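The following paragraphs lead through the structure shown here, beginning with the contact between its chains and moving on to individual strands and side-chain pairs.

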Protein chains: 2
Amino acid sequence: MTARKKSAAATQGQAGHADLVREAGKKYASSVDVARMAGVSQSAVSRTFSGGAKVSEVTRQKVLDAAKRLDYRPSLIPRIMLTHKSNLVAIVVGGLYNPFYTTVLDEFTVRFQAAGQQVLIVHAESDHALDDVIPKLASYRVDAIVSALAVLSPQAADALARLRIPVISFNTAIQNDWVTSVSCDNVEAGRTIADLFVARGARSFGFITGPAGSRANIDRRKGFEGRLAELGARPPAVEPGDYRYEGGFAAALRMFSGRQRPEALFCANDLLAIGAIDALRQSLGLRVPEDVLIAGFDDIPAASWASIGLTTFLHDAAGMVDKAVAVVTAATAGGAPVAAPMIVSAPLIERATTRRR
Amino acid sequence: MTARKKSAAATQGQAGHADLVREAGKKYASSVDVARMAGVSQSAVSRTFSGGAKVSEVTRQKVLDAAKRLDYRPSLIPRIMLTHKSNLVAIVVGGLYNPFYTTVLDEFTVRFQAAGQQVLIVHAESDHALDDVIPKLASYRVDAIVSALAVLSPQAADALARLRIPVISFNTAIQNDWVTSVSCDNVEAGRTIADLFVARGARSFGFITGPAGSRANIDRRKGFEGRLAELGARPPAVEPGDYRYEGGFAAALRMFSGRQRPEALFCANDLLAIGAIDALRQSLGLRVPEDVLIAGFDDIPAASWASIGLTTFLHDAAGMVDKAVAVVTAATAGGAPVAAPMIVSAPLIERATTRRR
DNA sequence: TTGTATGCGTTATCAA
DNA sequence: TTGATAACGCATACAA
């Protein structure tokens, strides 16, 4: 007999207790139901399931028995009301087209689950769309919010800060009493790649950008241009991109179709770089790295594919998530707020696209 | 004056109502707090925020005023207790290395958010690990669970069904009162690619598999082998893979290093196919499609990159999520359970890897 | 229209 | 060890 059929039977008065319990549109048995069936008090049931408390073996067995028959699972919802803690953390993402965010999300889920938190994923096309979502998050009383948005305006950050919940913001310059910024060392990466390009003999340079508002993009460019200037090199040609393959492809076509052909190209992320490589090789008949050196940022899986072999920087999702977990657990434990922005390093990973024999 | 400083001041007795409210470790003001400040009853506050009810304009203003000063946001938690509905849906994923799952997750989040549900993401390495997670989901009283696990054992499905919650399982053969299966037409895709390979003149064939327990993998292979047999072609050589780039690379090396060299290779998904292409081109010096025709499944973004141009099948994440949303909303509305497995089509997308001039 | 009282399913406190 | 009782924050039936 299936569950549904049994439910139907229940309305005809033939069912056992297990079914009567669910008459009123209830899906779950409550501790009261279990108590009634076991012939004990509701508190006894609660104690049986809340670990540390003392219950006699007899009572325990009676309760466990009834619970099993009723498929009882304690609800965490009332606990939230009592403790003002939901054990829910939200992560805000703005589209997962970039494999780096996938990695972040994966690490995030695993680490926070291990820390006993459940993860709410929230999609916000832009930081503007955040306004619609924030009230809902507040309504669910999430313990913390992590923003993985590439672009986060001060206004949106303010709105988040008003919630009086710990907020961790990835690759953003914002920092205040409630918002902690966790970034990787974007500036340093820009400097490092400038050094590498020059060491490899490049004399002219190009940079394909990410979205204008992206802090990571700005910092990578700043480091790159700054170091080039220090080295006395010519400033790079710059073409706007958008962190996507197609953007890199199009930007590279624009940059290399004139008579100015940079000998080395730094892209704000790996997807852009891969798009650029394809544009150069497939559409323009240029060779990488023989004609043009190329580097990206993120070390997405495709960067290490044999056909690509992209020189890039490790975007340490695990490290950044670790920081986020630390901030949240500290805040949850009532500790002091984290005052300073946190920065994880982004080591260079050199592969074929910058190697000339 | 920052929020934190104000709180500190509050303990010194200098603060306004807004801060006193939060003394007891409370993060949020409650409707009672608002009522007190506004000089009205708690029900008045509730009515003001629950839309449909009648409240006089004067009261409304007083309430809204106090609410603003207290930063009041109604909690949804008590509502869950009253209605037995959390508006929470969970999606179970087993690692996001496969870009297809990324797409699924993205579509999922957007669609369910639009439907007024919040999305809980749960990571389960294997279907075995599900056992640890299921109780937690039950504790949060999720309205439905969607499993995007490539492999879902009948045991795990049983455990899910015991929750008496609607469960939607992607690409799985399981179907019962509580579990609805949503798949794409994997068998048909296998048949289609067999036809295409033969039409393109291939005489010998290969297949690189996904994980053994994956229903999608089994069905794609079945369709492929079945149709080849019908066409009187030789059965394909088969090498085990795992849905990953590295697996495809290694499997292709094994398959093509002997003297048996299939003229056409079908891979259980795109990542495998891309790995195989790289192995053939970079390591074995074979040409694709001139020497070997290759096709995959999923149509991940990389499949359409200029350097790859992979013939594949559209794995319609949006379509599958649509079905899931439909099932959940139907079940939530108390409708009849969905009895039959749902299947979405997977149209062929032909690109360079199967085109010979 | 407004306020009072009750219940939702837990945990924690207290008395027995 | 056990059971009765009071919260938690909201919605709702009912009384005023």
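A polar contact is taken here as a pair of N or O atoms within 3.5 Å; within protein, one of the two must be able to donate a hydrogen and the other to accept it, and residues adjacent in sequence count only if both atoms are side-chain atoms. By that criterion, 25 residue pairs are in polar contact between chain B and chain A, with both residues of each pair at pLDDT 80 or more. The elements of chain B that each give two or more residues to the side touching chain A are α1 (3-11), α6 (77-83), α7 (99-114), β2 (118-123), α8 (130-139), α12 (245-257) and α13 (270-283). That side of chain B comprises 35 nonpolar, 15 polar and 14 charged residues. The model is a predicted one.

The extent of the interface can be stated in further terms. In chain B, 64 residues are in contact with 65 residues of chain A. The area buried between the two chains is about 6,400 Å², and carbon and sulfur atoms give 58% of that area. The count of salt bridges between chain B and chain A is zero, whereas the structure holds 28 salt bridges over all chains.

Strand pairing also joins the chains. Strand β2 of chain A, residues 118-123, pairs with β2(B) in the antiparallel sense over three bridges. Within this pairing, Val119(A) has Ile121(B) as its bridge partner. On the chain A side, β2(A) also pairs with β1(A), here in the parallel sense and over six bridges; in β2(A), Leu120(A) stands opposite Ala90(A).

Turning to salt bridges, one of them joins the side chains of Arg351(A) and Asp299(A), with an N to O distance of 2.9 Å. Arg351(A) lies in the segment after β12 (348-349) of chain A and Asp299(A) in the loop between β9 (293-295) and β10 (312-313), so the pair ties together parts that are 52 residues apart in sequence. Arg351(A) counts as buried because its relative accessibility, 17%, falls under 20%.

In chain B, Glu230(B) takes part in a salt bridge with Arg191(B), whose closest N and O atoms are 2.9 Å apart. This pair links distant parts of the chain, Glu230(B) belonging to helix α11 (residues 215-230) and Arg191(B) to helix α10 (residues 186-199), 39 residues apart. Arg191(B), at 24% relative accessibility, counts as partly exposed. Glu230(B) also meets Arg227(B) in a salt bridge, at 2.7 Å from N to O. Both Glu230(B) and Arg227(B) lie in helix α11 of chain B, three residues apart, or about one turn of the helix. Arg227(B) is buried, its relative accessible area being 19%. In chain A, a network of salt bridges links Arg191(A), Asp195(A), Arg227(A) and Glu230(A).

Is Pro154(B) buried or exposed? With a relative accessible area of 54%, Pro154(B) is exposed, because the value is over 50%. The C-alpha atoms of Pro154(B) and Arg281(B) are separated by 40 Å, the two residues being 127 residues apart along the chain.

Methods:
Residues numbered from 1 in each chain as written. Chains lettered and ligands numbered in written order. Predicted model: local features only at pLDDT ≥ 70, side-chain atom pairs only at ≥ 80, totals over all residues. Heavy atoms only, no water. Contact = heavy atoms within 4.5 Å. Buried area = accessible area lost by both parts, 1.4 Å probe. Salt bridge = Lys/Arg side-chain N within 4 Å of Asp/Glu carboxyl O. Helix = DSSP H or I, 4+ residues; strand = E, 2+ residues; numbered from the N terminus. Nonpolar A, V, L, I, M, F, W, Y, C, P; charged D, E, K, R; others polar. Pairing = 2+ DSSP bridges. Buried < 20%, exposed > 50% of the residue type's maximum accessible area, 1.4 Å probe, protein only.
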